[in-house]
Amino acid sequence: MRIIVQKAKCQGHARCAAQAPDIFKLDDDGYILLGDIEVAEGEELPASRAVRSCPERALELTRCAL
Amino acid sequence: MATNPVPDHVPPEMVRDFSLFTSPGMPPTPDGDPHAAVACVHDGPPIFYSRYNTQDGRGTWVITRAADQRRVLRDAETFSSHRSIFSSILGENWPTIPLELDPPAHGVFRSLLNPLLSPKRVLALEPAVRERAVELIERIAASGTSCDVMKDFAFPFAVSTFLRFLGLPDDRLDTFVGWGKDLLHGDDKERPVAARTIVAFIDELAAMRRQEAVDDFMTFIVQAQVEGRRLTDTQVRGIGVLVFVAGLDTVAAAIGFDLAYLARNLKDQQLLRSEPDRIPLATEELLRAYPPIQLIRVATKDIDFEGAPIRKGDYVSCATMIANRDPAEFACPNTIDLEREDNRHAAFGYGPHRCLGSHLARREIVIGLEEWLARIPAFRIKQGTAPITSGGHVFGIENLILDWS
Ligand code: HEM
Ligand code: SF4
């Protein structure tokens, strides 16, 4: 599972990192780091929770490994 | 009051008799539930016109769907946030910063301020916040089995946390709370006096920090450079005033509404007391249910929005309490479900102006509830008393007498 990060949409709510701090890394201002995220097996649940908590819709789940 | 003429370009059928200031449940109401009262707009159209919907009595378009609010709040080019909300009270015209700057100028100041209230920085502030909560609640617990949460806990806790962040001493706390009350809930005479007082206070503080630097927020601002230049006096004032006002009322109101909910819903209260790990998630749901702020933007050009002929200069309201009860976004929006997971609420706004203080505010609420529930046994609203709630630009709760005898 992979998470597509639309960095331009991120406004630094930090809700993703609150749900899954190990998966979603923020910069010093609290905005998500650039680059898509590969989710390890077994971490799908917190990862998808985090995606569903982003108020700006900056995160998107995809199941195909492009 | 609600008798402003409808502007010529607004089709009469798009006007609705709704106002965050004058509709039922919005003026001060004993045992009111102003957030639930506004949810009725979701039975109507996605956008309509309200003739009286700002603190200074102006009409606004009202956007009801969360998705449409996101469109407005992300498009700062069309929907500007510069409306001199504060300085117009004084008949002046300077922006509070960063709230009333549009991109790209907004981003410059936002980047300057972001590190001061980042999730990391807030983590470092937490021990002092918790210590203050414990101190206040232990005093309450030791002195009886009843208290006014607003006066004895929510305001002193929120405001002193915030004063500490600004680098100001606690001893004038009551004075500051009074200024905030007059500014946000006062009448046409009280508001300009409060605004003038706050400006004078911020100007004086800035002057003191310019003379003698200390390790605090205001010193940081007067020393800061943006694009190679020191900030002007008006910029320093614009930042100081905003940050001062933003932290005065909002966190206290949130804690008040949250504890009022728990006092009326003993099962949820017991659940959070016995399983405090649930408090962070529950706090998000309470932020969804009881957000305090209405956001306003000004159209910079004519635009047709979902069938509404918005004209340059029109005000557009994006009320967080309305977005947060949108059935298209939240299952059973009027049910408070402390275990709700799909919860992309708008309490802190959307887009570039997303609340700068959100990470601090959130932790204050979580810590406040944790320490309260750990120290105060099953509590209810004291018999014979009624919390007085109000709508308006910032929703509020005046008093909350709890009893745990
Ligand atoms: C529960 C408490 C709070 C709530 C619900 C809240 C809500 C909001 C909202 C909705 C906005 C967006 C306004 C707009 O777009 O027009 C905002 C902006 C802002 N808030 Fe808060 N706020 C809270 C606490 C705080 C605190 C404690 C501080 C300061 C320490 C703060 C500082 C600010 C600032 C500076 C802005 C302007 C940001 C910008 O324009 O980029 N807020 N807040
Ligand atoms: S939740 Fe969304 S907006 Fe917030 S930090 Fe994460 S990606 Fe950015």
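Modeller: Exposed means over 50% relative accessible area, and buried means under 20%. This is a predicted model.

Colleague: Is K189(B) buried or exposed?

Modeller: K189(B) lies in the loop between α6 (173-185) and α7 of chain B. Its relative accessible area is 69%. The cut-off for exposed is over 50%. K189(B) is therefore exposed.

Colleague: What distance separates the C-alpha atoms of K189(B) and V10(B)?

Modeller: Along the chain, K189(B) and V10(B) are 179 residues apart.

Colleague: Is T64(B) buried or exposed?

Modeller: T64(B) also sits in a loop, between β3 (60-63) and α2 (66-74) of chain B. Its relative accessible area is 2%. Buried means under 20%, so T64(B) is buried.

Colleague: Which residues is T64(B) in contact with, leaving aside neighbours within four places in sequence?

Modeller: Contact here means heavy atoms within 4.5 Å. Among the partners of T64(B) are V41(B), H42(B), P45(B), P46(B) and F48(B). The list also includes Q69(B), I322(B) and A323(B).

Colleague: How many disulfides does the structure hold?

Modeller: A disulfide needs a pair of cysteine sulfur atoms within 2.5 Å. C332(B) is in no disulfide, and its nearest cysteine sulfur, that of C40(B), is 18 Å away. Over all chains, the number of disulfides is 0.

Colleague: Which is buried and which exposed, C147(B) or C332(B)?

Modeller: C147(B) has a relative accessible area of 6%, so C147(B) is buried. For C332(B) the value is 55%. That is over the 50% cut-off, so C332(B) is exposed.

Colleague: Which protein residue is a donor to the iron atom of ligand 1?

Modeller: The iron atom has a single donor from the protein. That donor is an SG atom, 2.3 Å away. The residue is in the loop between α12 (320-323) and α13 (358-375) of chain B. The donor is C355(B).

Colleague: How are α7(B) and α9(B) oriented to each other?

Modeller: Helix α7 (residues 190-211) and helix α9 (residues 233-264) of chain B pack with their axes 9 Å apart. The angle is about 120°. Roughly perpendicular runs from 65 to 115 degrees, and roughly antiparallel starts over 145. The two helices, α7(B) and α9(B), are therefore oblique.

Colleague: What is the handedness of the crossing of α7(B) and α9(B), and which residues make the contact?

Modeller: The crossing of α7(B) and α9(B) is right-handed. From α7(B), the contact residues include I198(B), F201(B), I202(B) and R210(B). From α9(B), they include D233(B), R237(B), G240(B) and F244(B).

Key: Residues numbered from 1 in each chain as written. Chains lettered and ligands numbered in written order. Predicted model: local features only at pLDDT ≥ 70, side-chain atom pairs only at ≥ 80, totals over all residues. Heavy atoms only, no water. Buried < 20%, exposed > 50% of the residue type's maximum accessible area, 1.4 Å probe, protein only. Donors = N, O, S within 2.8 Å, 3.2 Å for Na, K, Ca; no water. Helix = DSSP H or I, 4+ residues; strand = E, 2+ residues; numbered from the N terminus. Axes fitted to C-alpha atoms, helices over the stretch in contact; angles between N-to-C directions. Parallel < 35°, antiparallel > 145°, perpendicular 65-115°, else oblique. Left-handed = near helix turned anticlockwise from the far one by under 90°.
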